[in-house]
Amino acid sequence: MHTVAVLSLKGGVGKTTVALGIASAALRRGTRTLVADLDPQGNATASLDPPYTDATLAEVLETPHRAVLQRAIAPSVWSDELDVLVGSEELEQLNEPGPDGRRLENLSRALDELYRSPTRGEPYELVVLDCPPSLGRLTKSALVAADSAILVTEPTMYAVAGAQRALEAIQQVRDEHNPDLKAIGVLVNRLRVRSHEHQFRIAELRESFGHLVMPTAIPDRLAIQQAQGACSPIHEWNSPGAQEIALTFNMVLAKILRSNRAGRHRVLDAGQRHGEDENVSGEITAAPENSETEVETTGPIPRVRSANS
Ligand SMILES: Nc1ncnc2c1ncn2[C@@H]1O[C@H](COP(=O)(O)OP(=O)(O)OP(=O)(O)O)[C@@H](O)[C@H]1O
Ligand SMILES: [Mg+2]
């Protein structure tokens, strides 16, 4: 089981969109996945639209026991193969830093419990943690529980500073709680390829973080909002724009699954995992690399050296 946290310090940059995109790619690939909604706004829960549960992640974080998990997890409207650990407004009260450091570990405990004793069918191969827009206790709990983290940013003026602070937070959690936590990379969202401003900001990000900036960005596309509004996985949204974005999320998922840690809780043996990774790469190279739109929207982030163009 591999757990990935999707975070940014800033609100509205696309954390939930990326968490849902990864879940959509996982569903398409047949990877059994749980999305845990750590955001009191509950946007991931709203998009995945599970049936009513009589407990939520808030109760799980108070009491990380199997019986509570069982009451807080439900299948998403997307598929029985994609479950939701339901978020709720009550999470807000758990975001304040408190004297009880032990609670930071409770999400990690809950995921341990889920791995040892799955609540719905087979164990999950992937857990995606959709974080709230702050570095409070909820995001820290996610980093304590995660094997890897993806930072989401828009290509705007404050991107470098925001990513820097988020990377420092990852480093701090790594030093204090979770030495194996890995930063998968900085994923740029809402890219407009023809915008010089965006290209300049990406160059800034690359200068500061080098290869940590992921080689593909998510373009700004209405299809994302339409698919979310219709509670549909982006992989099933029938428009050329959506399909290009879906390919980008396949690449992001492949990168997560290839990250050199198998996860604290291994479901597959090494041979199986190796075979599966090859399979994922196979799918990705099948992407229409030469398509003009593909290059425009989901191709490599352009390297731009100056702002005055
Ligand atoms: N690449 C994109 N193209 C078009 N719209 C997008 C894109 N990414 C995100 N959006 C839209 O922007 C809004 C904010 O995105 P999202 O909810 O994913 O951000 P967030 O970081 O999770 O926000 P919050 O911090 O409030 O949790 C949503 O309406 C979403 O549909
Ligand atoms: Mg969100």
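Student: Which elements are included in what covers the buried residues of helix 6?

Tutor: In this predicted model, the cover over the buried residues of helix 6 includes strand 1 (2–7), helix 3 (57–62), helix 5, strand 5 (126–130), strand 6 and helix 7 (159–176).

Student: How many of the residues of helix 6 are buried?

Tutor: Burial is read from relative accessible area, and a residue under 20% counts as buried. By that reading helix 6 is mostly covered, with eight of its nine residues buried, namely Arg 137, Leu 138, Thr 139, Ser 141, Ala 142, Leu 143, Val 144 and Ala 145.

Student: Let me take one of these residues, then: why is Ser 141 classed as buried or exposed?

Tutor: Ser 141, which is found in helix 6, has a relative accessible area of 3% and is therefore buried. Once its neighbours within four places in sequence are left aside, Ser 141 is in contact with Arg 103, Leu 104 and Leu 107. Along the chain Ser 141 and Asn 95 are 46 residues apart, while their C-alpha atoms are separated by 9.5 Å.

Student: At what angle do helix 5 and helix 6 pack, and how far apart are their axes?

Tutor: In general, a pair of packed helices is described by the angle between the axes together with the distance between the axes. Here helix 5 (residues 106–116) and helix 6 (residues 137–145) pack at an angle of about 45°, their axes being 7 Å apart, and for that reason helix 5 is oblique to helix 6. The crossing in which helix 5 passes helix 6 is right-handed. On the side of helix 5 the contact is made by Leu 107, Ser 108 and Leu 111, and on the side of helix 6 by Ser 141, Ala 142, Val 144 and Ala 145. Sorted by class, the residues of this contact are five nonpolar, two polar and no charged.

Student: Why do residues three or four places apart point the same way in an α-helix?

Tutor: An α-helix has 3.6 residues a turn, so residues with that spacing point the same way. With that in mind, one may look again at Leu 107 and Leu 111, both of which belong to the part of helix 5 that makes the contact with helix 6.

Student: What is the angle between helix 1 and helix 10 where they pack?

Tutor: Helix 1 (residues 15–29) and helix 10 (residues 240–258) pack at about 80°, with 8 Å between their axes, which means that helix 1 is roughly perpendicular to helix 10. Helix 1 contributes Thr 17, Val 18, Gly 21, Ile 22, Ala 25, Ala 26 and Arg 29 to the contact, and helix 10 contributes Phe 249, Asn 250, Val 252, Leu 253, Ile 256 and Leu 257. The classes in this contact are nine nonpolar, three polar and one charged.

Student: Turning to the strands, in what order do they form the sheet?

Tutor: The sheet is open, and its eight strands stand in the order 3-4-2-5-1-6-7-8, with mixed pairing. Strand 3 (73–75) and strand 8 (218–219) are the edge strands, each pairing on one side only.

Student: Which way do the residues of strand 2 point, and are they buried or exposed?

Tutor: Thr 33, Val 35 and Asp 37 point one way from strand 2 while Leu 34 and Ala 36 point the other way, and all of them are buried. Strand 2 (residues 33–37) runs parallel to strand 4 (residues 82–85), to which four bridges join it, and in strand 4 it is Val 84 that stands opposite Val 35. Strand 2 also pairs with strand 5 in the parallel sense, over five bridges, where Leu 34 has Val 127 as its bridge partner.

Student: How many bridges join strand 6 to strand 7?

Tutor: Six bridges join strand 6 (residues 148–153) to strand 7 (residues 182–191), and the two run parallel; Gly 185 of strand 7 stands opposite Ile 150. Strand 7 is mostly covered, since eight of its 10 residues are buried.

Student: And what does Thr 3 touch?

Tutor: Thr 3 has its place in strand 1 and is buried, with a relative accessible area of 1%. Not counting residues up to four places away in sequence, Thr 3 touches Leu 111, Val 127, Leu 129, Ala 145, Ala 146, Asp 147 and Ser 148.

Student: How many helices and strands are there in the protein chain?

Tutor: The protein chain has 12 helices and eight strands, and 56% of its 309 residues count as buried. Of the contacts between residues at least 6 apart in sequence, 80% join residues at least 24 apart.

Conventions: Residues are numbered from 1 along each chain as its sequence is written. Chains are lettered from A and ligands numbered from 1 in the order in which they are written. This is a predicted model: local features need pLDDT of at least 70, side-chain atom pairs count only at pLDDT 80 or more; totals for chains, interfaces and linings use all residues. Side-chain values use heavy atoms; hydrogens and water are left out. Axes are lines fitted to C-alpha atoms, for helices over the stretch in contact, and angles run from 0 to 180 degrees between N-to-C directions. Angles under 35 degrees count as roughly parallel, over 145 as roughly antiparallel, 65 to 115 as roughly perpendicular and the rest as oblique. A crossing is left-handed if the near helix is turned anticlockwise from the far one by less than a right angle, and right-handed if clockwise. Contact means heavy atoms within 4.5 Å. Ala, Val, Leu, Ile, Met, Phe, Trp, Tyr, Cys and Pro count as nonpolar, Asp, Glu, Lys and Arg as charged, and the others, Gly among them, as polar. Two strands pair if DSSP finds at least two bridges between them. Buried means under 20% relative accessible area, exposed over 50%, partly exposed in between (1.4 Å probe, protein chains only).
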